[in-house]
Amino acid sequence: MTKLDYQAMSDDELRDWVRYHPQDSKAFHILMDRLDQRPKVITRTNEEFETELQRRINQAS
């Protein structure tokens, strides 16, 4: 069996791998580390939350 290169996988590929191979704890930890390194957004008001939510919706479109 070929050894997988998790670092070469995109976030989407790694997420799919973890989804279909839940026993692969190494892949899971690498994915969690990647997600933990992403910038965090803190909202203090409902208006800030709505603005950030709308920004992300528009970005995904």
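Helices here are DSSP runs of H or I that hold at least four residues, and they are numbered from the N terminus. By that count, isoleucine 57 lies in helix H3, which covers residues 46–60. Keep in mind that this is a predicted model.

**Exercise 1. The overall layout**

Solution. 
- Step 1: Read them in order. Starting at the N terminus, the pattern is α-α-α.
- Step 2: Look at the box around the C-alpha atoms. Along the principal axes, the box is roughly 50 × 25 × 20 Å.
- Step 3: Turn to burial and contacts. Of the 61 residues in the chain, 16% are buried. Among contacts between residues at least 6 apart in sequence, 18% join residues at least 24 apart.
- Step 4: Finish with the surface. The accessible surface of the chain is about 5,400 Å², and 53% of that belongs to carbon and sulfur atoms.

**Exercise 2. The nonpolar core**

Work out which residues make up the largest nonpolar core.

Solution. 
- Step 1: In soluble globular proteins, nonpolar side chains tend to be buried together.
- Step 2: List the members. The largest nonpolar core has 7 residues in all: Tyr6, Met9, Leu14, Val18, Ala27, Ile30 and Leu31.
- Step 3: Assign them to elements. H1 and H2 are the elements that give two or more residues to this core, and H2 gives the most, with 3 residues.
- Step 4: Pick one member and look around it. Leaving out residues up to four places away in sequence, methionine 9 touches Leu4, Leu14, Trp17 and Arg34.

**Exercise 3. Salt bridges**

Determine how many salt bridges the structure holds, then examine three of them, starting with the partner of arginine 34.

Solution. 
- Step 1: Side chains of opposite charge can pair when their charged atoms come close.
- Step 2: Take the total. The structure holds 7 salt bridges.
- Step 3: Follow arginine 34. Arginine 34 pairs with aspartate 11, and their closest N and O atoms are 2.8 Å apart. Arginine 34 sits in helix H2 (residues 25–36) and aspartate 11 in helix H1 (residues 11–20), so this pair ties together parts that are 23 residues apart in sequence.
- Step 4: Arginine 34 counts as buried at 16% relative accessibility, whereas aspartate 11 is partly exposed at 27%.
- Step 5: Move to a pair inside one helix. Aspartate 12 forms a salt bridge with arginine 15, with 2.9 Å between the closest N and O atoms. These two are 3 residues apart in helix H1, so about one helical turn separates them. Arginine 15 is partly exposed, with 29% relative accessibility.
- Step 6: Repeat this in helix H3. Glutamate 52 forms a salt bridge with arginine 55, the closest N and O atoms being 2.5 Å apart. Both lie in helix H3, 3 residues apart, or about one turn of the helix. Salt bridges that share partners also join Asp11, Arg34 and Arg38 into one network.

**Exercise 4. Glutamate 52: buried or exposed?**

Decide whether glutamate 52 is buried or exposed, and name the residues that glutamate 52 touches.

Solution. 
- Step 1: Apply the cut-off. Buried means under 20% relative accessible area. Glutamate 52 has 15%, so glutamate 52 is buried.
- Step 2: Arginine 55 is partly exposed, at 40% relative accessibility.
- Step 3: List the contacts. Not counting residues up to four places away in sequence, glutamate 52 touches Val41 and Thr43.

**Exercise 5. A patch on the surface**

Identify which residues form a nonpolar patch on the surface with Ile57.

Solution. 
- Step 1: Name the members. Phe49, Leu53 and Ile57 form the patch, with about 260 Å² of accessible area together.
- Step 2: Examine one of them. Isoleucine 57 has a relative accessible area of 43%, so isoleucine 57 is partly exposed.

Definitions and conventions:
Residues are numbered from 1 along each chain as its sequence is written. This is a predicted model: local features need pLDDT of at least 70, side-chain atom pairs count only at pLDDT 80 or more; totals for chains, interfaces and linings use all residues. Side-chain values use heavy atoms; hydrogens and water are left out. Patches are made of residues with over 30% relative accessible area and no salt bridge: like charges are joined within 9 Å, nonpolar side chains (Val, Leu, Ile, Met, Phe, Trp, Tyr) within 5 Å. Accessible areas come from the Shrake-Rupley method with a 1.4 Å probe; for residues, only the protein chains shown count as cover. A salt bridge is a side-chain nitrogen of Lys or Arg within 4 Å of a carboxyl oxygen of Asp or Glu. Buried means under 20% relative accessible area, exposed over 50%, partly exposed in between (1.4 Å probe, protein chains only). Contact means heavy atoms within 4.5 Å. A nonpolar core is a set of buried Ala, Val, Leu, Ile, Met, Phe, Trp, Tyr and Cys residues joined through side-chain atoms within 4.5 Å.
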